[in-house]
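Trainee: I have a new model to read. Can you take me through some of its features?

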Amino acid sequence: MASQERPALRRTHQPNVLLAAALCLIAIAAAWVIARLMWPDSDNRTQNVGDFPLPPVSESPYLNVTDNAQYVGSAACRDCHQAETNTYQMTAHSAALSDVDPSKEPPEDSFVHAASGREYTVYTSEGRVHHRESLPADDGETIESNDYPLRYLVGSGRHSRTYLVEADGFLLESPITWYASRQAWGVSPGYDEPDHPGFSRMVGTDCLICHAGQLNAAHQRYRHLELIEQSIGCERCHGPGSLHVERRKSKEAIVEDLTIVHPGDLSRSLQESICAQCHMQAAAMVRVRGRDYADFRPGLPLSDFQLHYQTDDSHDSMTVVGHFEQMHRSQCYIQSATLTCTTCHAMHEPPPEDKVAYYKQKCLSCHSSDNCGMELVERREHQPQDNCVACHMPTSDTDIPHIAFTHHRIGIHALSSQHTSSQHTSVHGSLTPLHDVSHLATIEQQRALGLAYLKLSEGEVASNTANSARQQAREHLTSSYDDGLQDGETLSALARLFYGMNNEVAEDLASRAIAADKLSQSAEADSLFLLADLAFDRRQYHIAIPHLQRAVELRRMYEDWLLLGLSYLESGQLDQAMLAFTQARAILPFRPEIYGLLARCARETGDIEQASRHAAKQLQLQSLASPNHVTPNSSNSSP
């Protein structure tokens, strides 16, 4: 059967560049860019990434900021630092990631998610807690389901409990979360929509790095991530401890110990780099060329490893991890040379019993009670405890439903906005770096800005913002490419940007990307899928199949397995096609098209009974997806 009969692929990691209006706007610029990519100046033809040394890492007096120091784990610190260890274990940071303990879990329950019609069940079997996702038919029978035992708990539970499961060597986010504020289960953040990802959302180093102590994730992003230390431990703020342990064991006289970083001795900006690893949520973040997520060391500037960008119309809405940016917009911070994260937060200590008195004293260390613009009697009418933080750092709704955090912009907040949702649906404007990037060569700045615009375009932004950001990404990345900086990440990004606009250029760029050194898993997988899709369109299945076989080793995506199954099917390898489609169904079991393809495989192998079952299920799912279908009411539905 002709290949053009394949179902439309949901390229969630692929750019949508087929909009006619957008192409008209950028046609002239694109023609120039394509010409430059295909026929660069002769002076640049011999240039490659080897002509550009990696951006330098700042100097530091500390000895453990280099690869000479190794991570040894928090247990190695305990003998000499027992008191700090004991109190740190009472903090939220120490419980950012843990094994699931059934005896400490919220109650079992079930609910129906109204938007998707899927039913979720929390239950325990053979000593393990499970999350089950199923899709009921109108008659109450289950059409299809996914069921996984929980592997890890993310979060201390003070605000929420999010869970990870493991499948095929990948960590995946569960679609349901326990919300402490409601004392109830609900869909996880980002899942409250009709066609949400279910158990298909992969959790990689870019997410896990902020919830785990240490990962063995060199040049890996998704598969087989080794958790060396679950809890965020001592070395996350003090740096690798091997040199320090050796020095202390040697019993030699020490005048000044530079084998370990003491954050309290660092400058304000270097202190903040430690916190900003995880408490900064800008519009886009990119890694400096040649750097990985886990390469940062306390005592060095974060901007040597990561670059964070904000839009020029930055808003004041609350996000769960936007504390850094909010603090920097505070007049208290701007007018002070010393105010920083640890001014209020004692990292080794549990939360104070009397939070109001504790944090009020922090305010009064710089301000007097008379500084308040409201008289004491009036203040106490609003706040009987005369709580400074309640007015000047109010608890506000965040970008995650059912979770409210303390706003970290110290200032005067309108009362009407303190408890309103901060969700926003559009972002626009130019990107500017949150940090000083002058230490980077101009060509590196161009490359990073281009990658940042591409990240922005792929986020949850309005379509006009995405189109504008993609155009900016093309211009900046083409500029750095044209000047000779042609590393694998740049090649892969440009391939995605030209995919559908000029496939000859996109294919050349993607081919060069997968041959590049130290290409990230995500960039390699994106390039492999692009090459496979183009080969499939030319009916070159013998080329598409090996690319997809490699892609499914790197990530667990429905689209990859679907296209692999189609490639096998069109080349007559029915058994392999059936296996690939079955794996696609395991990832997203509620897609009607996958059952149509399974039915076709069954028919062509002579299994008419199985073909009929798959075809019937396809019709059921198509009926439920119909805009005229009404999800049955449930007395226990999620909001």
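Mentor: Start with Glu375, which lies in the loop between α12 (355-364) and α13 (376-382). Helices (H or I, at least four residues) and strands (E, at least two) are DSSP runs, numbered from the N terminus. This is a predicted model: local features need pLDDT of at least 70, side-chain atom pairs count only at pLDDT 80 or more, and totals for chains, interfaces and linings use all residues. Residues are numbered from 1 along each chain as its sequence is written, and side-chain values use heavy atoms, with hydrogens and water left out.

Trainee: Is Glu375 buried or exposed?

Mentor: Buried means under 20% relative accessible area, exposed over 50%, and partly exposed in between (1.4 Å probe, protein chains only). Glu375 has a relative accessible area of 63%, so Glu375 is exposed.

Trainee: Which residues gather in a patch of negative charge on the surface?

Mentor: Patches take residues with over 30% relative accessible area and no salt bridge, and like charges are joined within 9 Å. A salt bridge is a side-chain nitrogen of Lys or Arg within 4 Å of a carboxyl oxygen of Asp or Glu. Here the negative patch gathers Asp370, Glu375, Glu378 and Glu381.

Trainee: Which cysteines form a disulfide?

Mentor: A disulfide is a covalent bond between the sulfur atoms of two cysteines. The cut-off is a pair of cysteine sulfur atoms within 2.5 Å. This structure holds one disulfide. Cys210 and Cys278 form it, with their sulfur atoms 2.4 Å apart. The pair links distant parts of the chain, 68 residues apart: Cys210 is in the loop between α5 (205-208) and β11 (214-216), and Cys278 is in helix α8 (residues 268-279).

Trainee: Why is the disulfide of Cys210 and Cys278 left-handed?

Mentor: Look at the torsion about the S-S bond. For Cys210 and Cys278 the torsion is about -95°, so the disulfide is left-handed. Cys278 counts as buried, at 17% relative accessibility.

Trainee: What about Cys234 and Cys332?

Mentor: Check the distance to the nearest sulfur. Cys234 is in no disulfide; its nearest cysteine sulfur, that of Cys77, is 3.9 Å away. For Cys332, the closest cysteine sulfur is in Cys366, 7.4 Å away, too far for a bond. Cys332 is partly exposed, at 26% relative accessibility.

Trainee: How many residues of helix α17 are buried?

Mentor: Ten of the eleven residues in helix α17 (residues 488-498) are buried, so the helix is mostly covered. Among them are Leu491, Arg496 and Phe498. Gly500 follows α17, and its phi is positive, near 95°.

Key. Patches are made of residues with over 30% relative accessible area and no salt bridge: like charges are joined within 9 Å, nonpolar side chains (Val, Leu, Ile, Met, Phe, Trp, Tyr) within 5 Å. Accessible areas come from the Shrake-Rupley method with a 1.4 Å probe; for residues, only the protein chains shown count as cover. Lys and Arg count as positive and Asp and Glu as negative; His and the chain ends are not counted. The place of a charge is taken as NZ of Lys, CZ of Arg, CG of Asp or CD of Glu.
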